[in-house]
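Work through the exercises below with the sequence and the structure side by side. Try each task before reading its solution.

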Amino acid sequence: MEEYIVSARKYRPMSFDTVVGQKSLTTTLRNAVRSGKLAHAYLFCGPRGVGKTTCARIFAKAINCMNPTADGEACNECESCKAFNEQRSYNIFELDAASNNSVENIKSLMEQTRIPPQVGKYKVFIIDEVHMLSTAAFNAFLKTLEEPPAHVIFILATTEKHKILPTILSRCQIYDFERITVETIVSHLKDVAAKEGISYEEQALAFIAEKADGGMRDALSIFDQAASFCQGNITYDQVLADLNELDADNYFKMTDLAYDNKVADLMLLLNDIISKGFDGGNVVTGLAAHLRNVLMAKDTSTLPLLETSKQQAEKFKQQAEKCSTTFVYRALRILNQCDVTYRASSNKRLLVELTLIEMAQITQPDDAPGSGLCPKRLKTLFKHIASSHSTAAQQVAVGNKPLLRSDRPTQAAAVGDGGTTTAATEKRTAPVARPKLKLGNLGTTFSSLKERKEKQMGEAVEEVKNKDENASFDNERLEFEWLSMCNRMPQHMVGLSSRLKNVKPVITTFPEVEVVVDNTDLLDQINAIKGRIRVTLAMSLHNGNIGLSVRLAEPKERKPVLTRQQRLEALQEEYKPIKMLRELFNLEFS
């Protein structure tokens with residue numbers, strides 16, 4: 001049976017003409033061979049599998065060729081070329097710096113540079129993965145690299161140029177290898193398939209090229225694997241099954257469902273994907289890459305940035321016409337945030353589901369009722385407080401209209417039994433109907449304002465819109481929604497918001513909630529918006545029957561205000577390791 005050789009080795013280029021995807025670079029090297037203007041050190045850098053070591057070998061062979069062609073290629077007929085082809089050349093040395101990175105290895109290599117070549121013009125030393133050399137090895141190599149013998153040429157190859165010392169870089173001619181494009185890889189795979197007698201679907205080869213991420217060696221390895229799995233007929237579906245990759249159509253469907261606010265269908269599709277064994281994190285990164293392509297397809301100038309087949313590029317273009325730019329921007333930001341927090345999440349599937357739900361709400365109108373699985377955004381009544389703040393500052397509450405500020409009486413002089421205002425006040429505000437006042441009780445008093453606030457509280461209860469909802473909740477969920485409510489309060493209520501964050505609501509008898517405060521000022525402020533707080537909690541907790549009571553703390557319930565030293569002592573008593581740490585190291589806390 002004939003020995004099997006993988007395609008990456010079998011079809012490895014043996015001349016500059018057969019190198020794929022590096023035309024400008026190979027042209028420069030051929031011109032150097034043809035003109036004889038050779039540097040003493042070269043550095044080939046670039047990603048894996050793009051031909052760095054291959055070009056180094058071809059270049060070394062051409063340098064030592066006794067009869068190079070007019071194009072700067074090796075003749076393959078002289079003794080030097082034959083020796084190289086038969087792997088018995090004594091003029092070309094290869095060193096893997098990943099496993100030979102010590103000072104002794106470099107010193108041994110430097111000893112060989114003293115001996116001139118027996119056949120050919122130069123001794124060529126190819127050092128692969130040169131960035132793996134230790135600092136001491138680099139220093140030992142530096143002197144020889146700076147002033148090498150006339151018959152020595154160094155070719156260094158690396159995937160991480162930034163790890164090489166600047167003193168090394170400054171002594172080399174640097175060649176940066178490019179990532180090979182999808183079209184170039186597909187074209188080469190077609191040639192290999194034709195030589196091997198393998199049939200294929202072009203979409204399958206395009207997927208293999210995308211999976212290779214610019215590396216020809218990776219593409220040929222995946223090609224061999226697919227050819228073995230498909231038994232000589234490479235199809236797109238079989239390649240997906242062999243590599244256990246998710247079909248790109250799923251990403252198109254997920255994007256369409258999210259844009260159309262179809263959360264339920266999106267959850268079902270995600271469940272189907274995960275049930276097939278795909279990881280949620282890979283789904284998120286794949287969807288983010290998909291949306292990046294959609295964004296690139298929105299402009300004809302960025303279409304070349306799509307590293308995919310022409311058929312896929314057309315599908316991206318069609319979806320880009322449907323999806324708004326704002327949707328794509330926000331979706332990418334949401335997916336990126338999920339990718340950042342995915343590893344640390346204890347419930348990864350829930351994180352992915354919430355991410356997709358949030359995506360599906362981007363294009364949902366603000367006043368839409370939601371999909372049933374998650375509301376759009378909780379619209380608290382504090383929004384109405386913010387909108388009516390300027391009106392409340394200029395008028396006094398009359399009848400059943402609420403007073404939303406600090407309820408200070410208007411400073412208007414009451415005269416006679418009609419309570420007329422000054423001329424300046426009449427110019428500033430429109431005349432309003434006033435209640436008739438009895439003698440001895442002129443103007444608006446704080447007691448009357450308090451009565452109006454109590455009446456407002458009774459009216460606010462009627463504003464609950466979700467009385468049919470009766471979801472259960474616990475104290476932990478209640479505290480979370482309470483803090484969320486405080487964070488959403490308007491800017492002009494930031495002081496009250498910070499004080500409410502220090503208040504801890506508790507469930508007395510479900511669904512009754514009690515709030516205990518330490519002072520009468522805060523009690524009055526909460527009572528002024530008590531109805532609105534109840535409506536907000538009813539909406540966020542999905543329970544329209546929730547009750548809210550506010551009372552002043554009894555003397556025994558009030559906690560003393562501790563100094564910093566007292567808080568530190570209490571913390572040490574609660575957490576014994578802190579006390580032990582302080583005593584062990586004789587620490588002083590402040």
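Predicted model: local features only at pLDDT ≥ 70, side-chain atom pairs only at ≥ 80, totals over all residues.

Residues are numbered from 1 along each chain as its sequence is written, and side-chain values use heavy atoms, with hydrogens and water left out.

**Exercise 1. The sheet of 5 strands**

Task: Give the strand order of the open sheet of 5 strands, and state which helices lie on this sheet.

Solution: 
1. Helices (H or I, at least four residues) and strands (E, at least two) are DSSP runs, numbered from the N terminus. Two strands pair if DSSP finds at least two bridges between them.
2. The order is β2-β3-β4-β1-β5, and the pairing is parallel.
3. β2 (92-96) and β5 (173-176) each have a single partner strand, so one side of each lacks a neighbour in the sheet.
4. On average, neighbouring strands are turned by 15 degrees against each other, direction ignored. Axes are lines fitted to C-alpha atoms, for helices over the stretch in contact, and angles run from 0 to 180 degrees between N-to-C directions.
5. β1 (residues 41-45) pairs with β5 in the parallel sense over 4 bridges. F44 stands opposite Y175 in β5.
6. Helix α5 (residues 103-112) packs on the sheet and touches β2, β3 (123-128) and β4 (152-158); its direction makes about 165 degrees with that of β3. Contact here means heavy atoms within 4.5 Å.
7. Helix α6 (residues 135-146) lies across β1, β3 and β4, at about 135 degrees to β4.

**Exercise 2. Salt bridges**

Task: Which salt bridge partner does D256 have, and is D256 exposed or partly exposed?

Solution: 
1. A salt bridge is a side-chain nitrogen of Lys or Arg within 4 Å of a carboxyl oxygen of Asp or Glu. The structure holds 22 salt bridges.
2. The partner of D256 is K322, with the closest N and O atoms 3.4 Å apart. This pair links distant parts of the chain, 66 residues apart: D256 is in α12 (residues 248-259) and K322 in α15 (residues 310-322).
3. Buried means under 20% relative accessible area, exposed over 50%, and partly exposed in between (1.4 Å probe, protein chains only). D256, at 26%, is partly exposed, and K322, at 35%, is partly exposed.
4. Salt bridges with shared partners join D17, R30 and E73 into one network.
5. E111 forms a salt bridge with R114 at 3.6 Å between the closest N and O atoms. E111 is partly exposed at 43%, whereas R114 is exposed at 63%.

**Exercise 3. A surface patch**

Task: Which residues form a nonpolar patch on the surface?

Solution: 
1. Patches are made of residues with over 30% relative accessible area and no salt bridge; like charges are joined within 9 Å, and nonpolar side chains (Val, Leu, Ile, Met, Phe, Trp, Tyr) within 5 Å.
2. L581, L584, F585 and L587 form the patch, with about 410 Å² of accessible area together. Accessible areas come from the Shrake-Rupley method with a 1.4 Å probe; for residues, only the protein chains shown count as cover.
3. L587 is in the segment after α27 (576-585), and counts as partly exposed at 33% relative accessibility.
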